[in-house]
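Please consult the sequence and the structure shown below while reading.

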Amino acid sequence: MSSRTLRRRLHHGDVDGKRQEHYDTSGLDSLSEPLLDDDDYIESNKTCTLEDIWDDERKKAQVHWTFLFSNLIEQWAQWLANLVLGSGSLIGRLLSFPSTALNGQNNKMLPPSLNPLQEERLRNLQQRLEVPFDGSKTEHQDALKQLWKLAYPDRELPSLKSDLWKEMGWQGSDPSTDFRGGGFISLENLIFFALKYPDSFQRLLHKQDGTRAEWEYPFAVAGINISFMLAQMLDLQAGVPSSLPGIRFLQLLEEDEMAFDNLYCVTFQMMDAQWLAKRATYMEFNDVLKSTKTQLERELSLDDISSVKDLPAYNMLR
């Protein structure tokens with residue numbers, strides 16, 4: 001296998017941002033002897049007396065009552081906090097809280113109320129996310145052909161099954177097998193990137209920035225990963241997003257109907273910058289994607305971000 005082929009490959013298990021790990025348990029069958037001999041166990045318990053048993057029971061009782069009192073104190077504290085800091089109290093009115101409240105689990109918030117424009121745009125985006133890639137559909141075949149023409153305007157269009165697709169960063173000769181968790185929207189994202197920011201698209205496609213690794217990330221499959229990661233991070237599978245980044249994204253969506261696609265372009269450029277900064281190689285792609293997600297969440301949480309163009313990383317696009 002040539003190094004060029006190795007630079008372009010990425011396992012299907014990485015499409016959803018997770019490595020498929022397999023653990024070899026065959027060695028466990030060779031443990032025919034117990035780790036602690038039975039004789040040793042019996043000898044260590046000979047000195048146990050009735051007094052020891054009573055001591056153990058008293059300790060258990062103490063732990064039980066301590067647990068009950070701790071729960072009672074916690075409940076009283078929660079009740080007092082609700083009474084003093086409730087939305088109808090004086091202190092509650094004086095304190096400035098955001099319009100959405102934390103529910104205390106998994107960095108989630110109470111879903112916000114959406115205006116009609118947000119509802120419509122969110123519904124349209126969620127419908128796009130539900131469309132799987134179907135290689136038998138003419139529309140999807142045409143989209144692949146369009147992507148090739150945008151990527152390589154001076155080259156002849158190959159057949160839909162050709163080893164030439166590997167040069168764009170597909171895993172095999174048939175790109176339709178690589179979409180999986182990304183769906184058709186991931187192809188739309190790549191086309192949008194090529195149309196809206198052609199210079200950045202070409203530079204990332206051809207790995208023109210910085211000092212590159214010998215084993216580079218495959219461009220097209222990396223794009224599918226980014227689409228999938230964004231949909232997860234922004235909580236777009238939910239009826240109404242309740243994650244912190246998702247709620248912030250709804251504000252961006254109100255300003256820009258194509259906020260998801262624009263954010264995708266920013267994220268792709270951000271990922272490549274992380275790749276170069278970490279001097280990463282092929283096997284470290286998932287780590288780079290996690291770092292990209294962290295940076296994007298941080299930028300979305302900044303004040304005065306009302307559109308994708310307000311994000312600091314947007315300035316990297318050309």
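## Overall architecture

The structure is a predicted model. The protein contains 12 helices and 0 strands, and its pattern along the sequence accordingly reads α-α-α-α-α-α-α-α-α-α-α-α.

Of the 318 residues in the protein, 38% count as buried.

## The largest nonpolar core

The largest nonpolar core comprises 63 residues. Within this core, the residues with the most contacts are Met168, Trp170, Leu187, Phe193, Phe249, Phe268 and Met271. At least two core residues come from each of α5 (116-129), α6 (138-151), α7 (183-196), α8 (198-205), α9 (219-233), α10 (244-255), α11 (259-278) and α12 (285-300). The most is given by α11, with 10 residues.

Apart from its neighbours within four places in sequence, Phe249 is in contact with Leu125, Leu234, Leu236, Ala259, Phe260 and Leu263.

## Packing of α9 against α12

How is a pair of packed helices described? The description uses the angle between the two axes and the distance between them. For α9 and α12, the angle is about 45° and the axes are 11 Å apart. The two helices are therefore oblique to each other, and α9 passes α12 in a right-handed crossing.

On the α9 side, the contact is made by Ala222, Asn225, Ile226, Met229, Leu230 and Met233. The partners on α12 are Phe285, Leu289, Lys293, Leu296, Glu297 and Leu300. By class, the residues of this contact divide into 9 nonpolar, 1 polar and 2 charged.

## Packing of α9 against α11

The helices α9 and α11 pack at an angle of about 125°, and their axes are 10 Å apart. This pair is therefore also classed as oblique. In this case too, α9 makes a right-handed crossing, here past α11.

The α9 residues in the contact are Phe219, Ala222, Gly223, Ile226, Ser227, Met229, Leu230 and Ala231. They meet Phe260, Leu263, Tyr264, Thr267, Phe268 and Met271 of α11. The contact of α9 with α11 divides into 11 nonpolar and 3 polar residues, with no charged residues.

Thr267 lies in α11. Is Thr267 buried or exposed? With a relative accessibility of 0%, Thr267 counts as buried. Beyond its neighbours within four places in sequence, Thr267 is in contact with Ile226, Met229, Leu230, Thr292 and Leu296. Of these partners, Ile226, Met229 and Leu230 belong to the α9 side of the contact with α11, while Leu296 takes part in the contact of α12 with α9.

## Packing of α10 against α11

The axes of α10 and α11 come within 9 Å and cross at roughly 115°. That angle makes α10 roughly perpendicular to α11.

The contact involves Phe249, Leu252 and Leu253 of α10, together with Ala259, Phe260 and Leu263 of α11. It consists of 6 nonpolar residues, with no polar and no charged ones. Phe249 is also listed among the core residues with the most contacts.

## Loop residues with positive phi

Lys207 is located in the loop between α8 and α9. Its phi is near 55°, a positive value in a residue other than glycine. Lys207 has a relative accessible area of 11% and is therefore buried, the cut-off being under 20%.

Asp235 occupies the loop between α9 and α10. The phi of Asp235 is near 60°, again a positive value in a residue other than glycine. With a relative accessible area of 12%, Asp235 is buried as well.

Pro198 is found in helix α8. Pro198 has a relative accessible area of 41% and is partly exposed. Which distances separate Pro198 and Arg318 in sequence and in space? The two residues are 120 residues apart in sequence, and their C-alpha atoms are 7.6 Å apart in space.

Note on methods:
Residues numbered from 1 in each chain as written. Predicted model: local features only at pLDDT ≥ 70, side-chain atom pairs only at ≥ 80, totals over all residues. Heavy atoms only, no water. Core = buried A, V, L, I, M, F, W, Y, C linked by side-chain atoms within 4.5 Å. Buried < 20%, exposed > 50% of the residue type's maximum accessible area, 1.4 Å probe, protein only. Helix = DSSP H or I, 4+ residues; strand = E, 2+ residues; numbered from the N terminus. Contact = heavy atoms within 4.5 Å. Axes fitted to C-alpha atoms, helices over the stretch in contact; angles between N-to-C directions. Parallel < 35°, antiparallel > 145°, perpendicular 65-115°, else oblique. Left-handed = near helix turned anticlockwise from the far one by under 90°. Nonpolar A, V, L, I, M, F, W, Y, C, P; charged D, E, K, R; others polar.
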